[in-house]
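Subject: Handover of a structure

Dear colleague,

Please find below the structure that I am handing over to you. A summary of the findings follows it.

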Amino acid sequence: MLLEVKDKLVMIGDSITDCGRARPVGEGLFDAIGKGYVGLVDALLTAAYPERGIRVVNVGTSGNTVLDLKARWQTDVLDQKPDWLSIMIGTNDVWRQFDTPLITESHVYPEEYAATLEELIVQTRPKLKGLVLMTPFYLEPNPNDAMRAQMDRYGAIVRDLAAKHDALFVDTQAAFNRVMEHIYPATIAWDRVHPSQAGHAVLARAFLQAVGFDYSQGL
């Protein structure tokens, strides 16, 4: 498993990452880390690798686009001094193009998304032991659906940036596609964006697989 003793893992994103985490920093008692995939990652790392003392911090913020991440990058990422950083962003960058199509100032189109995300990666990657880039996703099995197709374009940007900047790549859409072969999308996320606990388990499992988590550890 790639995370080592006393490593600090900061996980940043939008509402899918946020999940009710504490402010200003999501860590501590009483679900301060949030009730989504970040909490599951923390719980499983603690259960399987207690001797490593891995610290997980949630700085997801509901409604964020990559531009919002840029605005808070200093306080919520750089000042946290992570050893590992996980980024999952893009849902709102795409969603606003479809749910508020006329409010174009809230849209983040592919070119700006790619340039901004890469700017943040370049600024941060030399300070990290490891970087994990997770794609945005849309729980629609039809790849020709307009929003699903656009989300896939943003996922491809994440894939390319991961390859370019020596980051681990997590294809969350692929992970959900497998589940959607057997479960209707609304069962996993009523709005096809905000997952149930099972959906968050899909995300946590995909992340942990990328970092080499061993489910038999300690058994």
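Asp18 has a relative accessibility of 4% and therefore counts as buried. Please note that this is a predicted model. The partner of Asp18 in a salt bridge is Arg23, with 2.7 Å between the closest N and O atoms. Arg23 is itself partly exposed, at a relative accessible area of 47%.

In total, the structure contains 13 salt bridges. Another of them joins the side chains of Asp7 and Lys129, at 2.6 Å from N to O. Because Asp7 belongs to the segment before E1 and Lys129 to the loop between helix H6 (110–124) and E4, this pair ties together parts that lie 122 residues apart in sequence. Asp7 is buried, its relative accessible area being 1%, whereas Lys129 is partly exposed at 45%. Together with Glu4, these two residues make up a network of salt bridges.

A further salt bridge links Arg159 and Asp160, with their closest N and O atoms 3.3 Å apart. Asp160 is partly exposed, with a relative accessibility of 45%, and Arg159 is partly exposed as well, with a relative accessible area of 44%.

Lys8 is buried but has no salt bridge. A salt bridge requires a distance within 4 Å, while Glu27, the nearest side chain of opposite charge, is 5.4 Å away from Lys8. What lies 2.7 Å from a polar atom of the Lys8 side chain? It is the backbone oxygen of Gln80. Leaving aside residues up to four places away in sequence, Lys8 also touches Arg55, Val57 and Trp84, among others.

Turning to the sheet, five strands form an open arrangement in the order E2-E1-E3-E4-E5, with parallel pairing. Strand E2 (55–58) and strand E5 (168–170) are the edge strands, each pairing on one side only. On average, neighbouring strands of this sheet are turned by 15° against each other, direction ignored. Strands E3 (residues 84–88) and E4 (residues 130–134) run parallel and are joined by five bridges; Trp84 has Gly130 as its bridge partner in E4.

Two helices that pack on the sheet may also be noted. Helix H2 (residues 37–48) touches E1, E2, E3 and E4, and its direction makes about 165° with that of E1. Helix H10 (residues 197–210) touches E1, E3, E4 and E5, and its direction makes about 155° with that of E5.

With kind regards

Key
Residues numbered from 1 in each chain as written. Predicted model: local features only at pLDDT ≥ 70, side-chain atom pairs only at ≥ 80, totals over all residues. Heavy atoms only, no water. Buried < 20%, exposed > 50% of the residue type's maximum accessible area, 1.4 Å probe, protein only. Lys, Arg positive; Asp, Glu negative; His and termini not counted. Polar contact = N/O pair within 3.5 Å; in protein donor to acceptor, adjacent residues only side chain to side chain. Contact = heavy atoms within 4.5 Å. Pairing = 2+ DSSP bridges. Helix = DSSP H or I, 4+ residues; strand = E, 2+ residues; numbered from the N terminus. Axes fitted to C-alpha atoms, helices over the stretch in contact; angles between N-to-C directions.
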